[in-house]
Amino acid sequence: MKTRQDAWTEENDLLLAETVLRHVREGSTQLNAFEEVGDKLNRTSAACGFRWNAVVRHKYEKALQLAKKQRKQKMRALGKGQTAKKRLLYTPPEASPGDFTEVNAVQNSKNYNHPELAANSKVELTMDSVIEFLRTYQGNSEHIEALQQENERLKKENEELIKKNEELEKKVAKLEEESKTVQEDYETLMKIMNRARKLVLFEEEERPTTTFKMDRNGNLEKMAE
């Protein structure tokens with residue numbers, strides 16, 4: 001009986017994803033992939049199915065669609081005369097009499113994404129698969145709570161940054177106004193200086209020129225205007 005109940009590691013998730021994608025690509029079933037991973041990790045196929053649909057699948061959605069496309073291409077390449085029956089890649093060992101029987105566990109992975117389909121599927125669950133699902137659910141809840149806290153922190157930081165930005169915009173506007181006033185004062189001062197310079201030049205032009213003459217002794221005398 002498989003009783004492993006410890007947390008899933010990244011290596012476990014990677015093994016699960018690679019196995020499921022390989023089975024889908026080669027024309028096998030996801031249930032067959034869950035059985036193979038379950039035997040490798042000492043977990044039930046139901047626990048592997050829960051993990052795939054609750055946590056891992058959304059990370060590999062594009063890869064899953066690509067694997068399905070490759071499977072269709074492979075089927076076309078085989079020709080119309082070939083059977084379309086799915087070929088199982090893994091043959092699980094015979095269960096011992098003491099093991100629980102899991103019938104049709106995660107037979108259709110879409111059931112986990114569509115509750116109305118899951119309600120019509122007959123799945124016999126074991127206790128460890130339920131415990132594994134609850135562990136996963138608890139882990140997801142903690143992850144969601146952490147994301148919510150991080151979101152609140154980022155919101156506060158964003159509000160503080162907006163407030164600081166508004167204060168800086170006010171300071172910039174004040175500096176621009178002061179700079180405009182200084183520029184106007186400078187232009188006014190330059191006009192005054194230019195006007196004063198013109199007045200000085202005009203007075204110099206209007207002022208009569210003083211003439212001198214030299215007497216017999218060689219001395220300069222100012223001539224009367």
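1. The structure contains seven salt bridges, a salt bridge being a side-chain nitrogen of Lys or Arg within 4 Å of a carboxyl oxygen of Asp or Glu. This is a predicted model, in which local features need pLDDT of at least 70 and side-chain atom pairs count only at pLDDT 80 or more, while totals for chains, interfaces and linings use all residues. Residues are numbered from 1 along each chain as its sequence is written, and side-chain values use heavy atoms, with hydrogens and water left out.

2. One of the salt bridges joins R51 to D13, with the closest N and O atoms 2.9 Å apart. The pair connects distant parts of the chain, since R51 belongs to helix α3 and D13 to helix α1, 38 residues apart. Helices (H or I, at least four residues) and strands (E, at least two) are DSSP runs, numbered from the N terminus. Both R51 and D13 are buried; buried means under 20% relative accessible area, exposed over 50%, and partly exposed in between (1.4 Å probe, protein chains only).

3. K74 and E26 form a salt bridge at 2.6 Å, N to O. Here too distant parts of the chain are linked: K74 is in helix α4 and E26 in the loop between α1 and α2, 48 residues apart. K74 counts as partly exposed because its relative accessible area is 36%, and E26 is likewise partly exposed, at 27%.

4. R57 is paired with E61 in a salt bridge, the closest N and O atoms lying 3.5 Å apart. R57 is buried because its relative accessible area is 6%, whereas E61, at 30%, is partly exposed.

5. The largest nonpolar core has 16 residues, of which L16, V20, F34, C48, W52 and V56 touch the most other members. Such a core is a set of buried Ala, Val, Leu, Ile, Met, Phe, Trp, Tyr and Cys residues joined through side-chain atoms within 4.5 Å. Two or more residues each come from α1 (10-25), α2 (30-41), α3 (45-56) and α4 (61-78). The largest share, five residues, is that of α1.

6. E176, E177, E178, E184, D185 and E187 form a negative surface patch. Patches consist of residues with over 30% relative accessible area and no salt bridge, like charges being joined within 9 Å and nonpolar side chains (Val, Leu, Ile, Met, Phe, Trp, Tyr) within 5 Å. E176 lies in helix α6 (residues 127-206) and is exposed because its relative accessible area is 54%.

Key. Areas by Shrake-Rupley, 256 points an atom, 1.4 Å probe, with all protein chains shown as cover. Lys, Arg positive; Asp, Glu negative; His and termini not counted. Charge placed at Lys NZ, Arg CZ, Asp CG, Glu CD.
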